[in-house]
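Subject: Structure handover

Hello,

Here is the structure I promised to pass on. Please open it first, then read my notes below.

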Amino acid sequence: MSQDSQHGKWSISSSDDDDEDPLPSSGSSSKPEPNNGAASLLAIGSEARQAAHASQLNPVKYESSPSMAGKRKKEALEDLGWALSDSDDDGAGGEKGKSLRDLPKRSPPSPKAKKVKEERPPSPHGRVYYIDEPQDFFEASVPHLNDTYRFYLNKVTGLDKKFNTGALHIRDILSPLFGTLKESVQFNYCFDIAWMVQQYPPEFRDRPVLIVHGDKREAKARLVQQAQPFPHVQLCQAKLDIAFGTHHTKMMLLWYEEGFRVIINTSNLIRADWYQKTQGMWMSPLFPRLPKGSPASSGESPTFFKKDLLEYLASYRAPELTDWIQRIREHDLSETRVYLIGSTPGRYVGSDMERWGHLRLRKLLYEHTQPFPDEESWPVIGQFSSIGSMGLDKTKWLAGEFQRTLTTLGKSSLRSDPTIHLVYPSVEDVRTSLEGYPAGGSLPYSIQTAQKQLWLHSYFHRWKADTTGRSHAMPHIKTYMRTSPDFTQLAWFLITSANLSKAAWGALEKNNTQVMVRSYELGVLYLPSAFNMKTFPVQRNPFPVSSSSSGFPVPFDLPPTHYSTKDQPWIWNIPYSQAPDTHGNIWVPS
């Protein structure tokens, strides 16, 4: 059947239901990659990431004849079951779409556009803009940071310098400015090990590094091959026993001569994630070592961060982490003022249901927040870079169990039904971004998932981040929050690796007596009560960073801007050829 929406005509198969689809991943694909030396190491990740890499190596130039481009786009979309009118830019109606099962099996048409050889075309900022940093890009001394919240954005090349003042690059994080490194652990999804090693300063470059990953089979073999030139790099494979689960957690454990530090962030360990995307992180204080002989309960924070971190690490059941668990026990984490929210794969019953995922978030909001008199007018905002399958209508998960979690405020008996704003880039946001269409490789929302949940797109809002200078730096950050009706106060704020999916957050089963979580995820929750505040004031101008500011630096503009009737959500695996991106290219995924 076909269905109209305000964003054009979409087609869905009559047999679609709400069974769990695998979330389009941003990590290692099971497909073998071409053996083309160093270039193959950069083609790391999902099909979407690999399409972005291929597009950058061999960009397809925009054709001056829009009629041909439109014709090719329409043919390719029909092959994919994505029905658009001839004037799809204005969201008007058009010919009736076919479902995927009705389409003849044809190979996609070959693009006739001229290809540019092995070189990225000039951008408005110069040919090497994507990979080269200004001389003052990295910190030469301890930067001015907001120590109140310890929430930071990454640096982005090409911005006015003030928007990078107080932001951090991976080289800053690993530099001697923050400690004399002895060993580290890198938990992540996507790795370019050679690039990662180069981010450590020369004096720390041979210090032991443990990589915690979720790769299996061919992807694991490629990772092992990447690590071979670096004897100080060891691998630890996370157990993924439930189908379609991923190791999506992004965390650094840094052990120094002076103490210990935890970084929980949203960036993969690949070059593309650290230069022209919007990413975020929580960086802990430097935790000092406890006196020898301290009781086991020593060094705990009011938020029980130490206990929760140890419990999360224990869930891996990995001998490689045993020494790190002991090291954490020997340090004082009492200064921590955030709560840890993790996901680990499994099916949980009884009190264990509240240990992980969105039920963990619900428990913390129930216990540590207070209801407001007009709480139904306090909207919820979710912002993410990928979307999983949530069913044929909103009650299946989003407006059911997940909304109940996001709208929990203390022990209120009121089951409020506030507005939910979902922030996800539109096609136009991606087209006009610093990276152009290849930025969409990190936004792997697929046509197969999108066409089954047309109802979702009425929630969508544009990515606009003028206050942080990052409107054209596409978000890989994931944030969730609840704001006052005038968007000047926050009831809570969460930064996490978890996208909008049941795999990441968990889904109730067996008449709500069991929760099933597929993936590893990790984030930190900011609650005003832990900061002796009633709410967090929103900081309207977060840059340049001031160490004395009491406002919370929300990474994008508030209030969010709703999609217009012309806007469409970015879908990675359909072509966009009617208008060029910022590098003069179109998007034709193979």
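A residue is called buried under 20% relative accessible area, exposed over 50%, and partly exposed in between (1.4 Å probe, protein chains only). By that rule His248 is buried, because its relative accessible area is 5%.

Some ground rules. This is a predicted model, where local features need pLDDT of at least 70 and side-chain atom pairs count only at pLDDT 80 or more, while totals for chains, interfaces and linings use all residues. Residues are numbered from 1 along each chain as its sequence is written, and side-chain values use heavy atoms, with hydrogens and water left out.

The annotated histidines

UniProt, in an unreviewed entry, puts the feature "active site" at His248 and His476. They span 229 residues in sequence, yet no two of their C-alpha atoms are more than 12.6 Å apart, so they gather at one spot. UniProt positions follow the numbering used here, feature names are shortened, and annotations may be inferred rather than shown by experiment.

His248 sits in the loop between E7 and E8. His476 is in the loop between E17 and E18. Strands (E, at least two residues) and helices (H or I, at least four) are DSSP runs, numbered from the N terminus. His476 is buried too, at 1% relative accessibility. Its side chain reaches the backbone oxygen of Thr266 at 2.8 Å.

The annotated lysines

The unreviewed UniProt entry also gives a "binding site" at Lys250 and Lys478. These span 229 residues in sequence, but no two of their C-alpha atoms are more than 11.8 Å apart, so they gather at one spot.

Lys250 belongs to the loop between strand E7 (233-237) and strand E8 (251-256). It is buried, with a relative accessible area of 0%. A polar atom of its side chain lies 2.9 Å from the backbone oxygen of His248. Contact means heavy atoms within 4.5 Å.

Lys478 lies in the loop between strand E17 (474-475) and strand E18 (479-483). It counts as buried, at 1% relative accessibility. Its side chain makes a polar contact of 3.1 Å with the side chain of Ser385. A polar contact is a pair of N or O atoms within 3.5 Å; within protein, one must be able to donate a hydrogen and the other to accept it, and residues adjacent in sequence count only if both atoms are side-chain atoms. Leaving out residues up to four places away in sequence, Lys478 touches His248 and Thr266, among others.

The cores

A nonpolar core is a set of buried Ala, Val, Leu, Ile, Met, Phe, Trp, Tyr and Cys residues joined through side-chain atoms within 4.5 Å. The largest one has 121 residues, and Leu456 and Tyr526 have the most contacts inside it. Strand E19 (residues 489-496) gives the most to this core, with 6 residues. Apart from this core lies another, of 31 residues, including Ile170 and Leu269.

Two more places to look

Which residue joins its side chain to that of Asp429 in a polar contact? Arg462 does, at 2.8 Å. Asp429 lies in helix H11 (residues 427-431) and counts as buried, at 5% relative accessibility.

Helix H2 (residues 47-57) is mostly covered, with 8 of its 11 residues buried. Among them are Arg49, Gln50 and His53.

Best wishes
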